[in-house]
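Let's take a walk through a protein model together, one region at a time.

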Amino acid sequence: MTETPARLRVAPSPTGDPHVGTAYMSLFNLAYARKTGGQFVLRIEDTDRARYDATSEQQVYDTLTWLGLEWDEGPDKGGPYAPYRQSERLETYRPYVEQLIEAGHAYYCWCSSERLAQMREVQQKTKQPTGYDRLCYGKTREERAELPGFSETPVVRMYVPGDVSLFFDDLVRGRVSAPRPDDQVILKADGFPTYHMAVVVDDHLMGITHVARGEEWISSTPKHLLLYQWLGWEAPRFAHMPLLRNTDRSKISKRKNPAARLTWFIEQGYLPDALRNFLQLIGYPPVRENEEVASFDEFVASFDWAKVNTVGPVFDLDKLNWLNGHYIRQLSTDELTEVMVDYMLTHGDLEAATDEQRDRVRQAAPLVQERIQLLSEVEPMLGFLFWGDDEVEPDDEALKQLKENAAEVLSAGITALEGLETWTHEAIEAVLREKLVEGMGIKARFAFTPLRVGITGRRISPPLFESMEILGRDSSLRRLQRFSDSLQG
């Protein structure tokens, strides 16, 4: 296989939240395009008008851009083969359908949906092969109208010959055998082409040289190869990727697994580099042996279709979480501050962030960087930095951790802190240990819990003394005094 500049595409249907498989396929298509110095095309296959969702189309652009999987041509960018939406290309397909009809490779079918349903039911009950029974083949409209189950508006079906080849060469799997296809509909009653017709025409006219797609399309490949043959076109090379699987080996779907939704990863606080690394890792061996972290550029440099895993990879969120934690720890303090604040503003309860609050987060960033795996964990830990001193409301879990002497401990702690001249976390820890642990004989975890709850409202937070240093003397003492008053009130 020579590596001349290749043209590849991804062609999602905008019928809901983009599937994570769209990103998975885009990653591998883009990698080979970049490996060969070719182009990666984004095409929107929106011929299913009943399920079309304009919001979904925008989400495709947004999520792939977020992942850094940039396309060279598409509906939003244009290109030499525009338009890139199938619904804007309807006039393109009809001449090729007519050409197939005239050559005897396709025919009109007037069967009603009720008649087709009855046919399938009989086939299933009698254990016959399923597929269209060619009732309409060779008949004129008038002849077919005399028979039951007639529909005024016909579809067009391809006529699959008995000697159709069921074998083809696959870049990932080698020689592949597919099941025999039936007479597939290629033009619907509404005048829109089906996927099978549109994808062949579009791929040819857009100069697509390689089609990398999910293994569920293996059964459709003989139909597509027939269409290429009948229309006198050279077929692209095919690479059928394994489907992403749940831990029980079932196909990952948006109905059963929220992680099938590409937007879910943004909502949960994953970094794009981590998700991209994860997707390349579950479908491809590590770029360097025993090293699971690799950049996209490194992936491109090593890319070879023969190395793609042919066994359906399990979508292991534990592995993804580990990777995300790794990428979080690689961020500089300023970078981490920015992504944490942006996440809280976009997906959390934070409505605005002042310069002072951003500075507090910047100081706290090193305290949580080793502790978090997801950005969604940030607000529960750092939310206290955005509250006013009179807005701290301890949650029930935190209050349950307090001992009966919590008010006494708080009072002693406040007295010790009020006399502190230098407000650093080292000085704060030293004076509290001397007063509470050594002076009152209380174990540290019990001595500091009331102060932690008063400062953050939580049982678990960043290190207490560093948090108090970030808040400052006045704010810390006000919070502790207010909490102390509430316990004594």
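Begin with helix H6, whose buried residues are Tyr195, His196, Met197, Ala198, Val199, Val200, Val201, Asp202 and Asp203. Bear in mind as you look that this is a predicted model. The helix covers residues 195–205, and because nine of these eleven residues are buried, H6 is largely enclosed by the rest of the structure. What do the buried residues of H6 pack against? Their partners include both strands and helices: strand E1 (7–10), strand E7 (185–187) and strand E8 (210–214), together with helix H3 (90–102) and helix H7 (221–230). Just after H6 you will find Gly207, which has a positive phi of about 70°.

Most residues other than glycine have a negative phi, and most peptide bonds are trans. Look for Lys127, a residue other than glycine whose phi is positive, near 55°. Lys127 sits in the loop between helix H4 (113–125) and helix H5 (141–145). Is Lys127 buried or exposed? With a relative accessibility of 76%, Lys127 counts as exposed. Arg134 is also in the loop between H4 and H5. Although Arg134 is not a glycine, its phi is positive, at about 65°. Arg134 has a relative accessibility of 25%, so it counts as partly exposed.

The peptide bond between Ala82 and Pro83 is cis, with omega at about 0°. To find it on your screen, go to the loop between helix H2 (54–66) and H3, where Pro83 lies.

Now for the cysteines. A disulfide is a covalent bond between the sulfur atoms of two cysteines. How many disulfides does the structure hold? The count is zero. Cys109 is in no disulfide, and its nearest cysteine sulfur, in Cys136, is 3.9 Å away.

Setting aside neighbours within four places in sequence, which residues are in contact with Met381? They are Val368, Arg371, Ile372, Ser461 and Pro462. Take Arg371 from that group: Met381 and Arg371 are ten residues apart in sequence, and their C-alpha atoms are 10.0 Å apart in space.

Next comes another enclosed helix, H19 (residues 449–456). Seven of its eight residues are buried, so H19 is largely enclosed by the rest of the structure. Those buried residues are Thr449, Pro450, Leu451, Val453, Gly454, Ile455 and Thr456. They pack against several helices: H15 (396–400), H16, H17 (425–438), H18 (444–447), H20 (464–471) and H21. Just after H19, Gly457 has a positive phi of about 75°.

Let's look at one of those partners, H21. The axes of H19 and H21 are 8 Å apart, and the two helices pack at an angle of about 110°. That angle makes H19 roughly perpendicular to H21. On the H19 side, Pro450, Leu451, Val453, Gly454 and Ile455 meet Ser476, Arg479, Leu480 and Phe483 of H21. Sorted by class, the residues of this contact are six nonpolar, two polar and one charged.

Finish with H21 (residues 473–488) and helix H16 (residues 406–418), whose axes come within 9 Å and cross at roughly 155°. That makes H16 roughly antiparallel to H21, and their crossing is left-handed. From H16, the contact uses Ala406, Ala407, Leu410, Ile414, Leu417 and Glu418. From H21, the contact uses Arg473, Leu477, Leu480, Gln481, Phe483, Ser484, Leu487 and Gln488. The contact of H16 with H21 has nine nonpolar, three polar and two charged residues.

Technical notes. Residues are numbered from 1 along each chain as its sequence is written. This is a predicted model: local features need pLDDT of at least 70, side-chain atom pairs count only at pLDDT 80 or more; totals for chains, interfaces and linings use all residues. Side-chain values use heavy atoms; hydrogens and water are left out. Axes are lines fitted to C-alpha atoms, for helices over the stretch in contact, and angles run from 0 to 180 degrees between N-to-C directions. Helices (H or I, at least four residues) and strands (E, at least two) are DSSP runs, numbered from the N terminus. Angles under 35 degrees count as roughly parallel, over 145 as roughly antiparallel, 65 to 115 as roughly perpendicular and the rest as oblique. A crossing is left-handed if the near helix is turned anticlockwise from the far one by less than a right angle, and right-handed if clockwise. Contact means heavy atoms within 4.5 Å. Ala, Val, Leu, Ile, Met, Phe, Trp, Tyr, Cys and Pro count as nonpolar, Asp, Glu, Lys and Arg as charged, and the others, Gly among them, as polar. A disulfide is a pair of cysteine sulfur atoms within 2.5 Å. Buried means under 20% relative accessible area, exposed over 50%, partly exposed in between (1.4 Å probe, protein chains only).
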